[in-house]
Amino acid sequence: MTDPVILTELRGDGERRTALVRLNRPKQLNALNDEVMDALGEALRRFDADPAVGAIVITGSEKAFAAGADIGMLSQHDFISAYTTDLVTRNWETIRSVRKPVIAAVAGFALGGGCELAMMCDIIVAADNARFGQPEIKLGVIPGAGGTQRLPRAVGKAKAMDMVLTGRMMDAAEAERSGLVSRVLPADKLLDEVLAMGELICTLGTASVLAAKECVNRAYESPLAEGMMVERRMFHALFGTPDQKEGMDAFLAKRPAKFVR
């Protein structure tokens, strides 16, 4: 019997909990293949639909978040099979439809598809031993899961060109300076701190969390005027929710807010 390619559990003891998804191919440094991405997509859809889940954390091992797409799998394709089977698009894009916050807790290598998977998440928190890179150029191809698109948006054109054209790796400190990750933590504290972040999100109002994520994502996909209009309309709409009344009443009364879940 083979081990499952991902492991899932719920963490926390509040009314809503954080879903933890751990990539589980340690011998392959969590290389991503169809089996992994199908299982990951199914888990993400399940947790996104579960009202008892307020946030989702994706992580790997201490050695590797994910060392890339499984080259053995990719090497079997030619143009026709890659195109007709919609390689990557078919089962890598599920994460984009998840409405709840998804946090990547990255230790060790996040290369190629692993770096791209991390960039699909809403927040990347890195261990001090994390290494990010897009080495596809060394295999005679280019990044195919967003590396040429999300990386420039995160770190700028110059640094993205540097990484994509040479395949060099970026350490955690450079990743934080460049804006790729939100913070860097000691490796032995990474998961606890990220789960605490998830637990905090779980205590907040559901509608405002979903709206905040939607609006920030819109900033990458729309002109400023359009993004501002979406933000303003969402801001107005939240004034019709019980969470807005509770949050402001609690602030004025100097008491903790108890948001509707």
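**Entry 1: the Phe79 and Tyr83 rings**

I started with Phe79 and Tyr83, and both come out exposed (buried means under 20% relative accessible area, exposed over 50%, partly exposed in between, with a 1.4 Å probe and protein chains only). This is a predicted model, so I kept to its limits: local features need pLDDT of at least 70, side-chain atom pairs count only at pLDDT 80 or more, and totals for chains, interfaces and linings use all residues. Residues are numbered from 1 along each chain as its sequence is written, and side-chain values use heavy atoms, with hydrogens and water left out.

Where do Phe79 and Tyr83 lie? I found both in helix α3 (residues 79-84), 4 residues apart, about one turn of the helix. Helices here are DSSP runs of H or I with at least four residues, strands are runs of E with at least two, and numbering goes from the N terminus.

I then searched the whole structure for aromatic pairs and got 2. The cut-offs: rings of Phe, Tyr and Trp (its six-membered ring) pair if their centres lie within 6.5 Å; planes under 30 degrees apart are stacked, over 60 edge-to-face, and the rest tilted. Phe79 and Tyr83 form a stacked pair, at 5.6 Å centre to centre with 10 degrees between the planes. Phe235 and Phe239 form an edge-to-face pair, with 5.1 Å between centres and 75 degrees between planes. I noted Phe235 as partly exposed at 46% relative accessible area, and Phe239 as partly exposed at 35%.

**Entry 2: Arg46 and its neighbours**

Arg46 gave me two things to write down. The residue lies over the face of Phe47, 4.8 Å from the ring centre; for this, NZ of Lys or CZ of Arg must be within 6 Å of the ring centre and within 35 degrees of the ring normal. Arg46 also forms a salt bridge with Glu42, the closest N and O atoms being 2.7 Å apart. I count a salt bridge when a side-chain nitrogen of Lys or Arg is within 4 Å of a carboxyl oxygen of Asp or Glu.

Both Arg46 and Glu42 sit in helix α1, 4 residues apart, about one turn of the helix. Arg46 is partly exposed at 37% relative accessible area, and Glu42 is partly exposed at 38%.

**Entry 3: other salt bridges**

Why do such pairs turn up? Side chains of opposite charge can pair when their charged atoms come close.

How many salt bridges does a search of the whole structure find? I got 12. One of them joins Arg90 to Asp34, with the closest N and O atoms 3.7 Å apart. That pair links distant parts of the chain: Arg90 is in helix α4 (residues 89-92) and Asp34 in helix α1, 56 residues apart. Arg90 is partly exposed, with a relative accessible area of 48%, and Asp34 is partly exposed at 29%.

I also looked up Arg168, whose side chain meets that of Asp162 in a salt bridge at 2.9 Å, N to O. Arg168 counts as partly exposed at 26% relative accessibility, as does Asp162 at 30%. Salt bridges that share partners join Lys159, Asp162, Arg168 and Glu174 into one network.

**Entry 4: two Asn residues in one loop**

Asn24 lies in the loop between β2 (17-23) and α1 (34-49), and Asn33 is found in the loop between β2 and α1 too. I checked polar contacts for each (a pair of N or O atoms within 3.5 Å; within protein, one must be able to donate a hydrogen and the other to accept it, and residues adjacent in sequence count only if both atoms are side-chain atoms).

The Asn24 side chain reaches the backbone oxygen of Pro4 at 2.7 Å. Leaving out residues up to four places away in sequence, Asn24 touches Asp3, Pro4, Val5, Ile6, Leu7 and Asn30, where contact means heavy atoms within 4.5 Å.

Is Asn33 buried or exposed? I have Asn33 as buried, at 12% relative accessibility. The Asn33 side chain reaches the backbone nitrogen of Glu35 at 3.2 Å and that of Val36 at 2.9 Å. Beyond four places in sequence, Asn33 touches Arg25, Asp70 and Met73.

**Entry 5: the whole chain**

I counted 12 helices and 10 strands in the chain. The radius of gyration is 19 Å, close to the 18 Å that the globule rule gives for 261 residues, so the chain is as compact as a globular protein of that length. The radius is taken over C-alpha atoms, and the rule is 2.2 Å times the number of residues to the power 0.38. Of the 261 residues, 43% count as buried.
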